Amino acid sequence: MSILEIEIKLDEIEFDISRRLQVPAYIRLDQLHLALQAAMGWKNIHSYSFEANGIIWGLPDPDFGYGDLPPSNITLIEVIEKTGVKSLCYLYDFGDQWEHTLLIGNSSDPKPGLLYPRLTYLNGRCPPENVGGVPGYENLLQDISDPNHPEFSRFNDLLGEEFDPGIADIDARNFAVLKLAKSWNIMSNQRPDYMQDELILKNE
């Protein structure tokens, strides 16, 4: 088994919202979707697709029609070998159109005692769901910066009074990815006496 490192960047956002994720090369695209949701901070309530070299894998959506090939039938390494690409486009929510660029980095051997997927870096906070994509999110950020805005209190209820788009929710993202890794470890009947080392995550 080899481990691939993926650099994840949310496109067209003023703030740098990025992640670095280590995943098994044989991870299926439907599993990779779950890992990306956990790492980014999305809630997995919308459809998604992966695109590489003009080929699309995704779930069919009655409103938008995406989903040419099933993501559960192919692994990440098979996509790389099939298309020859080193980057993929991950689209989440066909309405809001959140596009992510996935850059495939180096491969390495798994480290004994670690669980995968493994989040090793993150920066920036994921936008809230259903805000109208990039334009809607930019308008929301402008509105919450004005304490005199008539809906300022509602924005605080929605986002939290300490919401800062430039500061990642490190503990929550780390916990979500580790929880996913633990569940897959149990399901795959790997040794249960794992030891997860402390992840050093930072904002830059």
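**View 1. Strand β2 and strand β7 (residues 118-123) run antiparallel and are joined by five bridges.** The model shown is predicted, and its local features need pLDDT of at least 70, side-chain atom pairs count only at pLDDT 80 or more, and totals for chains, interfaces and linings use all residues. Residues are numbered from 1 along each chain as its sequence is written, and side-chain values use heavy atoms, with hydrogens and water left out. Strands (E, at least two residues) and helices (H or I, at least four) are DSSP runs, numbered from the N terminus. Two strands count as paired if DSSP finds at least two bridges between them. Within this pair, Arg20 has Tyr121 of β7 as its bridge partner.

**View 2. Strand β2 (residues 18-24) is mostly covered.** Six of its seven residues are buried; buried means under 20% relative accessible area, exposed means over 50%, and partly exposed lies in between (1.4 Å probe, protein chains only). Strand β1 (residues 3-10) also pairs with β2, through seven bridges and in the antiparallel sense. Ile3 is the residue that stands opposite Pro24 in β2. In general, the strands of a sheet pair through backbone hydrogen bonds, either parallel or antiparallel.

**View 3. Seven strands form an open sheet with antiparallel pairing.** The order across the sheet is β4-β3-β5-β6-β1-β2-β7. The edges are held by β4 (55-58) and β7, each with a single partner strand, so one side of each is left without a neighbour in the sheet. On average, neighbouring strands of this sheet are turned by 25° against each other, direction ignored. Such angles run from 0 to 180 degrees between N-to-C directions, with axes fitted as lines to C-alpha atoms, for helices over the stretch in contact. Inside the sheet order, strand β5 (residues 87-92) and strand β6 (residues 98-108) are paired antiparallel by six bridges. Leu88 has Leu102 of β6 as its bridge partner.

View 4. The protein as a whole has five helices and seven strands. From the N terminus on, these elements follow one another as β-β-α-β-β-α-β-β-β-α-α-α. Of its 204 residues, 47% count as buried.

**View 5. Pro127 is found in the loop between β7 and α3 (133-144).** This proline counts as buried, at 3% relative accessibility. Leaving aside neighbours within four places in sequence, Pro127 is in contact with Leu10, Ile17, Trp42, Trp98 and Tyr137. Pro127 and Trp42 are 85 residues apart in sequence, and their C-alpha atoms are 8.1 Å apart in space.

**View 6. Ala168 lies in the loop between α4 (152-159) and α5 (170-187).** Its relative accessible area is 6%, so Ala168 is buried. Cys126 is 42 residues away from Ala168 in sequence, but 7.7 Å away in space, C-alpha to C-alpha.

View 7. Tyr116 and Pro117 are joined by a cis peptide bond, with omega about 10°. Pro117 belongs to the loop between β6 and β7. Asn44 is not a glycine, yet has a positive phi of about 55°. Asn44 is placed in the loop between α1 (29-40) and β3, and is partly exposed, with a relative accessible area of 37%. Gln97, in the loop between β5 and β6, also is a residue other than glycine with a positive phi, near 60°. Gln97 is partly exposed at a relative accessible area of 31%.

**View 8. The second largest cavity holds about 30 Å³ of space.** A search of the whole structure finds two cavities of 30 Å³ or more. A cavity is a set of points, on a 1 Å grid over the protein atoms alone, where a 1.4 Å probe fits but cannot get out; lining residues have an atom within 4 Å of a point. Grid points are joined across faces, edges and corners, and the volume is the space filled by probe spheres set on the points. The lining of the second largest cavity consists of Ile13, Glu14, Phe15, Tyr137, Glu138 and Leu141. By class, this lining has four nonpolar, no polar and two charged residues. Ala, Val, Leu, Ile, Met, Phe, Trp, Tyr, Cys and Pro count as nonpolar, Asp, Glu, Lys and Arg as charged, and the others, Gly among them, as polar.

Terms used. On a 1 Å grid over the protein atoms alone, a cavity is a set of points where a 1.4 Å probe fits but cannot get out, and a pocket is an open set with protein on both sides within 12 Å along at least five of seven lines; lining residues have an atom within 4 Å of a point. Contact means heavy atoms within 4.5 Å.
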